[in-house]
Amino acid sequence: MRTVAVVGASLAGLSAARSLRKQGYDGRLVVIGDEPHRPYDRPPLSKEFLAGGIGEADLALETDDEDLQAEWLLGSRATGLDRTERAIRLADGREVRVDGIVIATGAAARRLPGTDGLAGVHVLRTLDDARGLRDQLARGGRLVVIGGGFIGAEVASTAHTLGLDVTVIEAAPTPLAGPLGEAMGGIVSALHADHGVRLLCGVGVKGLSGERRVDAVLLEDGRSVPADSVVVGVGARPCVEWLEGSGVALDNGVKCGADGRTSLAGVVAVGDCASWYDPRAGVHRRVEHWTGARERPDAAVAALLSWGAVEPGVPRPPYFWSDQYGVKIQFAGHATGADSVTVEEGATDDRNFLAVYRRAGHPVAVLAMNQPRVFTRWRKQLTVTTS
């Protein structure tokens with residue numbers, strides 16, 4: 001391959017570019033990113049950066065002496081892929097002709113319809129989002145977080161630490177039931193009540209009120225929650241619209257094999273936009289976690305450079321962590337399909353425990369709160385038993 005383009009300049013894209021060079025690719029390397037920023041770390045955006053504990057320089061993912069000998073096209077959004085010409089079209093009219101492509105365009109935060117232009121309403125996905133929200137939280141007041149997932153919970157935790165009056169609204173009866181199951185989702189989300197943050201569950205949001213600036217969140221049961229600012233944390237959608245009509249199969253992201261290969265030869269996908277095949281479960285999954293964006297590009301690049309000749313391995317079980325109210329939450333594996341969950345260490349009431357999820361007696365996932373050492377051992381065991 002004479003030219004390889006990595007479309008997406010966040011962690012997954014940077015990891016793919018590094019892997020290309022590490023695996024011996026010495027041709028032309030083009031990295032395309034729709035944001036104007038160099039690659040930066042996203043997890044601190046909802047925590048240390050939002051609280052003002054670290055600055056933008058601390059988010060950098062590249063080292064000072066790192067040089068991938070790449071052409072960086074930043075602030076350049078990909079708008080299309082011509083499979084016949086092997087060309088990537090950019091929003092500014094340029095085209096980049098390539099031999100191989102790594103798709104790493106990530107995901108975008110979902111927004112509430114009808115809230116564009118209403119001041120005080122935020123999402124949190126990018127550095128620019130975090131800048132605006134950090135300035136907003138510095139003013140204090142009443143914050144309403146719509147969505148009780150991990151991003152929403154981390155924002156609520158940070159805002160509480162900054163002294164804001166915080167309410168979290170979750171449409172489902174139990175926050176985090178999707179990734180953790182109902183029992184453990186309820187235990188983890190109880191951190192809000194532990195710290196005096198209001199949590200309203202089982203009620204949807206009808207809309208927001210306010211002429212130029214939000215002043216309340218209107219609930220479907222008729223209640224109104226006053227708000228000086230609102231954070232919408234209702235998930236993310238994969239950024240794959242630019243691939244429509246390209247021949248790359250799409251299904252809740254880019255549909256891939258167990259090594260990141262797509263339906264189009266010479267094209268692989270990694271990161272939040274990629275729906276990899278999970279040979280353990282026999283289904284495709286999008287893994288929207290830092291560790292997956294860091295680890296999986298190695299396998300995808302190997303498949304790309306070998307034109308699929310390398311036998312795909314079994315990806316490690318997904319792993320993620322979250323820091324809320326001073327508690328470290330860690331999770332590995334998939335809770336879906338587990339038929340039991342048992343506490344193996346500590347006590348749930350203390351928010352200091354480790355729980356193991358099993359299916360037919362076999363461990364399939366592990367959750368820990370403030371149990372990092374025990375969790376590390378179980379995570380290694382989980383990797384062995386599910387490979």
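This is a predicted model: local features need pLDDT of at least 70, side-chain atom pairs count only at pLDDT 80 or more; totals for chains, interfaces and linings use all residues.

Biologist: Why are β1 and β2 called paired?

Modeller: Pairing needs at least two bridges. β1 and β2 have five, so they count as paired. One of the residues involved is Val-7, whose bridge partner in β2 is Ile-32.

Biologist: What makes β3 and β19 edge strands?

Modeller: The sheet is open, with five parallel strands in the order β3-β2-β1-β7-β19. β3 (71–74) and β19 (267–269) each pair on one side only. From one strand to the next, the twist averages 15 degrees.

Biologist: Which strands does helix α1 touch?

Modeller: α1 (residues 11–22) packs on the sheet and touches β1, β2, β3 and β7 (100–103). Its direction makes about 160 degrees with that of β1. The angle scale runs from 0 to 180 degrees between N-to-C directions.

Biologist: Which residues have the most contacts inside the largest nonpolar core?

Modeller: Ile-88 and Ile-103, in a core of 47 residues. α1 gives the largest share of this core, six residues.

Biologist: How do you know that Ile-88 touches Trp-242?

Modeller: Contact means heavy atoms within 4.5 Å. Trp-242 is on the contact list of Ile-88, so the pair meets that cut-off. Ala-5, Val-7 and Ile-32 are among the other residues Ile-88 touches.

Biologist: Where does Leu-50 belong?

Modeller: Leu-50 lies in a second, separate core of 40 residues, which also includes Leu-143, Val-145 and Val-231. Membership requires burial, so Leu-50 has under 20% relative accessible area.

Conventions: Residues are numbered from 1 along each chain as its sequence is written. Side-chain values use heavy atoms; hydrogens and water are left out. Helices (H or I, at least four residues) and strands (E, at least two) are DSSP runs, numbered from the N terminus. A nonpolar core is a set of buried Ala, Val, Leu, Ile, Met, Phe, Trp, Tyr and Cys residues joined through side-chain atoms within 4.5 Å. Buried means under 20% relative accessible area, exposed over 50%, partly exposed in between (1.4 Å probe, protein chains only). Lists of a residue's contacts leave out its neighbours within four places in sequence.
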